[in-house]
Amino acid sequence: MPQLGFGVWQVPDAEAAQAVGTALEAGYRSVDTAAVYGNEAGTGKGIAASGLPREDVFVTTKLWNGPGERWGRDNVLREFDASLAKLGLDYVDLYLIHWPRPMRDDYLAIWKAFEEIAASGRARAVGVSNFLPAQLERLRAESALVPAVNQVELHPLFAQAELRALHAELGIATMAWSPLGQGKDLLTRPAVLAVAEKHGRSAAQVVLRWHVQTGNIAIPKSVTPSRIRENLDVFGFELDASDMAALDALESGRRIGPDPAEFDV
Ligand code: NAD
């Protein structure tokens with residue numbers, strides 16, 4: 001799985017093909033979508049129109065496990081089929097449970113269906129998103145299948161050190177959503193701007209380079225072609241220990257997005 005991918009949350013379906021096309025042309029080989037983004041069809045069109053061999057593009061999508069009652073095998077298999085159909089693919093590289101929704105207590109039943117999907121080969125790998133330590137521990141206790149990744153909110157303002165340590169122990173890759181902090185406050189922090197100026201790079205590039213050196217998989221989103229290219233161009237420079245420490249010091253302990261312990265759909 002490429003360490004940098006292209007995220008398409010909030011990209012309208014009608015614009016997704018073009019955005020994904022721009023990203024693939026720029027050199028991205030990993031695309032992150034989800035059923036709830038409503039743009040799996042456009043994403044699939046962009047991949048098809050690129051002319052790249054299917055095996056060259058790593059495609060991730062996510063189960064929208066809701067709304068309503070507790071979910072089980074039938075709902076999951078139905079939603080997975082629908083996602084493949086919209087994407088126009090006969091397999092995805094990675095399929096994720098989008099949110100654990102612990103108050104519904106159905107993520108274990110969903111995971112059992114994911115085991116089945118993984119065994120069928122129609123998802124080359126399966127994983128989770130927004131899972132907290134207690135939920136990862138429960139999967140460890142109840143399933144022989146380790147999630148390939150846990151995709152969570154992660155950026156220098158919320159770096160998830162404890163969760164990353166647990167991932168390392170369990171053999172789960174850490175995938176960072178909102179890696180640029182949604183392009184808000186983070187990219188104008190003096191510490192980020194100072195490191196950017198030192199390296200003659202943009203704030204976004206410095207933050208993405210921090211992800212690369214921290215060992216995260218990151219999936220920045222943009223629909224602006226120049227930014228799409230800029231965000232992938234982070235392999236030609238290196239942050240030194242003092243740069244990394246300056247970015248690490250931005251930890252605030254605060255999320256931008258919802259708390260998975262409370263988020264329901
Ligand atoms: P992000 O951190 O990638 O920020 C995106 C925003 O940053 C853009 O809309 C733009 O305003 C700005 N930006 C992008 N490139 C820039 C640049 N070079 N210079 C300046 N500003 C720039 O935020 P995101 O879209 O929330 O997260 C990325 C991806 O993560 C999503 O598209 C989606 O695929 C995934 N995601 C997953 C979950 C989940 O629950 N699993 C939740 C949120 C996002």
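A residue counts as near a molecule if one of its heavy atoms lies within 4 Å of it. Keep that cut-off in mind for the tour of this predicted model.

Stop 1: Select the ligand, then the residues around it. The shell holds 27 residues, and the closest are Asp32, Ser129, Ser178, Leu180 and Asn231. Colour the shell by class: 11 residues are nonpolar, 11 are polar and five are charged.

**Stop 2: helix 9.** Select residues 225–232, which form helix 9. This helix gives the shell around the ligand its largest share, three residues.

**Stop 3: polar side chains at the ligand.** Show the side chain of Asp32. One of its N or O atoms is 2.6 Å from an oxygen atom of the ligand. Move on to Gln151, where a polar side-chain atom lies 2.9 Å from a nitrogen atom of the ligand. Then select Glu230; a polar atom of its side chain is 3.0 Å from a nitrogen atom of the ligand. Taken alone, the ligand exposes 830 Å², and the protein buries 89% of that.

Stop 4: Which pocket holds the ligand? The ligand sits in the largest one.

**Stop 5: the cavity.** A search of the whole structure finds one cavity of 30 Å³ or more. The largest cavity contains about 40 Å³ of space. To find it, select its lining: Asn130, Phe131, Leu132, Val152, Gln160, Leu163, Arg255 and Pro260. Of these lining residues, five are nonpolar, two are polar and one is charged.

Definitions and conventions: Residues are numbered from 1 along each chain as its sequence is written. This is a predicted model: local features need pLDDT of at least 70, side-chain atom pairs count only at pLDDT 80 or more; totals for chains, interfaces and linings use all residues. Side-chain values use heavy atoms; hydrogens and water are left out. On a 1 Å grid over the protein atoms alone, a cavity is a set of points where a 1.4 Å probe fits but cannot get out, and a pocket is an open set with protein on both sides within 12 Å along at least five of seven lines; lining residues have an atom within 4 Å of a point. Grid points are joined across faces, edges and corners, and a volume is the space filled by probe spheres set on the points. Ala, Val, Leu, Ile, Met, Phe, Trp, Tyr, Cys and Pro count as nonpolar, Asp, Glu, Lys and Arg as charged, and the others, Gly among them, as polar. A polar contact is a pair of N or O atoms within 3.5 Å; within protein, one must be able to donate a hydrogen and the other to accept it, and residues adjacent in sequence count only if both atoms are side-chain atoms. Accessible areas come from the Shrake-Rupley method with a 1.4 Å probe; for residues, only the protein chains shown count as cover. A molecule sits in a cavity or pocket if more than half of its atoms lie within 2 Å of its grid points. Helices (H or I, at least four residues) and strands (E, at least two) are DSSP runs, numbered from the N terminus.
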